[in-house]
Amino acid sequence: MPSQDPLSLLGVHAGPDGGTIGVYSKNATAIELLLFDDADQHWLTERVPLTHGVGDVWTAQSPHLKPGTRYNVQCSGPRGPEHHFNERKLLIEPYSRGLVRSGTKEWRSVAIDGSFDWAGASKPRVPRDHTVIYEAHVKGLTTLNTDLPADLRGTYAGMAHPSTIEHFHRLGVTSIELLPVHAFVSEDRLTRLGLSNYWGYNTLNFFTPHSPYATKQAQASGAEAVLREFKGMVRLLHEAGLEVILDVVYNHTAEGGLGGPTTSLRGIDNATYYRQNPDGSYVDTTGVGNTVDFGNPIAERLVLDSLRYWADDVQIDGFRFDLAATLGRDETGAFENDHSLLAAITDDPYLEGVKLIAEPWDVGPGGWQTGGFPDGWSEWNDRYRNRVRSFWLRDIADARTSGAAPTGIGSFATRLAGSSNLFTPQRGPLASVNFVTAHDGFTLHDLVSYDQKHNLGNGEDNRDGTDDNRSFNHGVEGNTDDQVIRAARRKAARNLMGTLLLSAGIPMITAGDEYGRTQSGNNNAYCHDDDLTWNRWDWDERQRDFAAITAELIRLRRENPALRPVRFGKFGETVPSASQLDWYDAGGETMEADDWDSPQNRTLQYLAASTPEFEAFNRILLVVHGLETETVVALPAHDGVVGYTLLWDSADETVAEGTAEFGPGNTVPMGPTSMKLFRAHG
């Protein structure tokens, strides 16, 4: 009979005679389990010494360690620059499924039963080529939605309320990506400023849902009820056909730099869990004080076990890995595409079918790794974001001042067609998660309304937040009553949203962009838990129009497979589930080599024909005009194409009713800086 993996003992496991606990520490000399009274969490009821066992896993058993029990561990160990043992410190057990606060600085782990009736709900398993991601904040999305009962607003339950689900369905998004929901805390610096860590990238524990996002009733009932509400949210979203993707922060913890709070890993085995220099100072590739050491297999196992728990027990559909380059750094600190943790995540049978999305950079040496992750992963494509913003915004601003745009249309076309210069043929266009905005940076509304960031409210004298926004205010900074400027901004937003939803790859929309949410020019609103960041639901007519256009674009994407290829095409070959691409200039002639990079030529016709395996044949024509002058295009005469049906025009403020038909060779007027989508038919 094979011996048991000692690491499988980590955490609390229920048994007929109470529960067992396992804690890893290579360097501790003693570990104790502390149990607390159910009614008074400050009343210590039992101390149990743990036994040092195989594989440096310390274990103990107690008949009182049962669901609902509050507990901590204490660790003793050697002194030295790489160690931070303090035998008096009450520590969170790393595999805790539940947490409750004890005072202002301490936490109690809570043993959890975890049973839940999924009522037959299963993961939707949306194919990647059909996926449209909606990045949202649990609290911020529904706090101001008066269609929800007051006690559900800003909660897990509110995220799955019928009104919220109706909004998701009306838009047509398929996958809800939640900003961090692992238990997190605000940094002391923010608390002193009267601010808070709103986004949640300051993780306290990798297994516990953030309890303040639960309803007050669930919080009062305890950690088990908080987890049950979280699972209930997942179940209801799954029943509605919607996936749940978690933004997970494994690269660092809330313990911060040396001198920061010791809440868990630092006090259990600092030398194992954190990357350090020989003098004990931390190697920081995350920009927040510490870096989890993924050159150590124990840290890798912690992440794998956390992912398995969320994917299996909680039925999560995917993960977006914050600063994922850190997860691929080996024992020397170098990023490796075939790092054992990345390979283990990719190949783990518990994670089969789970969407894996990397934020493919960190702040360490060699930290920019877009395109560098292994097969099976998708990546946030910052090159896509930058080029699309530049094409529709900064290039136009530069053209106004200098008389000519700085670049042609070639690099924009590369992004439109799936970024084949970044991702290998094996990975294909679905390796690219396309985005124009995200939680960090300007909202879509602010991107077309501000040239500069306005972050004074963050308490850092406007130093925080990127200065590389590639935005354009169209003539006035911020709010204006000038109707010409406002119309130009709305059209620019339609061009950006249209590009996003009609490009090859996986599109991601930031919650609120579908109606024009503003943060008043703040491009780093991580510390504002207020109406600056919360989504509004009292939309005016223009906002309703933009939401309808967003939904229409998603519908067109869904109905036209040529817009969402699975593979890159190859010239002269028919590649299954790719799109055969033909590129034409404004005159309907094949693009010449010099046309691609000429700043004078920013008009392109992109004809894409699907090579279907599972859907009917489809062909579309996308016309892009990137200059602030009117022009006329001649629709291309292509073998097998007898006509074109106009599906969408970014010059229109509303969703057009009816259709317009054109033939090959017909001329079509293009308004300044606009797009048109046609379906080609034979």
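Contact here means heavy atoms within 4.5 Å. With that in hand, residues 24 or more positions apart account for 70% of the contacts in the protein chain with a separation of 6 or more. The model is predicted: local features need pLDDT of at least 70 and side-chain atom pairs count only at pLDDT 80 or more, while totals for chains, interfaces and linings use all residues. Residues are numbered from 1 along each chain as its sequence is written, and side-chain values use heavy atoms, with hydrogens and water left out.

Let us start with the whole chain. Its secondary structure comes to 14 helices and 25 strands; helices (H or I, at least four residues) and strands (E, at least two) are DSSP runs, numbered from the N terminus. The radius of gyration is 27 Å, close to the 26 Å that the globule rule gives for 682 residues, so the protein chain is as compact as a globular protein of that length. For this comparison, the radius is taken over C-alpha atoms, and the rule is 2.2 Å times the number of residues to the power 0.38. Along the principal axes, the C-alpha atoms fill a box of roughly 85 × 55 × 55 Å. Buried residues make up 60% of the 682 residues, where buried means under 20% relative accessible area, exposed over 50%, and partly exposed in between (1.4 Å probe, protein chains only).

Now look for the barrel. Eight strands close it in the order β10-β11-β12-β13-β14-β15-β16-β17, with parallel pairing; two strands pair if DSSP finds at least two bridges between them. From one strand to the next, the twist averages 30 degrees. Angles run from 0 to 180 degrees between N-to-C directions, and axes are lines fitted to C-alpha atoms, for helices over the stretch in contact. Helix α13 (residues 483-502) lies across β16 (432-434) and β17 (506-510), running at about 145 degrees to β17.

A second sheet is open: its four strands follow the order β1-β2-β6-β5, and the pairing is antiparallel. At its edges stand β1 (11-15) and β5 (51-52), each with a single partner strand, so one side of each is left without a neighbour in the sheet. Five bridges join β1 to β2 (residues 18-24), and G11 has G22 as its bridge partner in β2.

Finally, the charged side chains. The whole structure holds 37 salt bridges, each a side-chain nitrogen of Lys or Arg within 4 Å of a carboxyl oxygen of Asp or Glu. One of them joins R329 and D362 (2.7 Å, N to O). R329 lies in the loop between β13 (318-321) and α9 (340-347) and D362 in the loop between β14 (355-358) and β15 (378-380), so the pair ties together parts 33 residues apart in sequence. R329 counts as buried at 1% relative accessibility, and D362 counts as buried at 8%.

E653 is partly exposed, with a relative accessible area of 23%. Elsewhere, D5, R301, D305, R308 and D348 are linked in a network of salt bridges.
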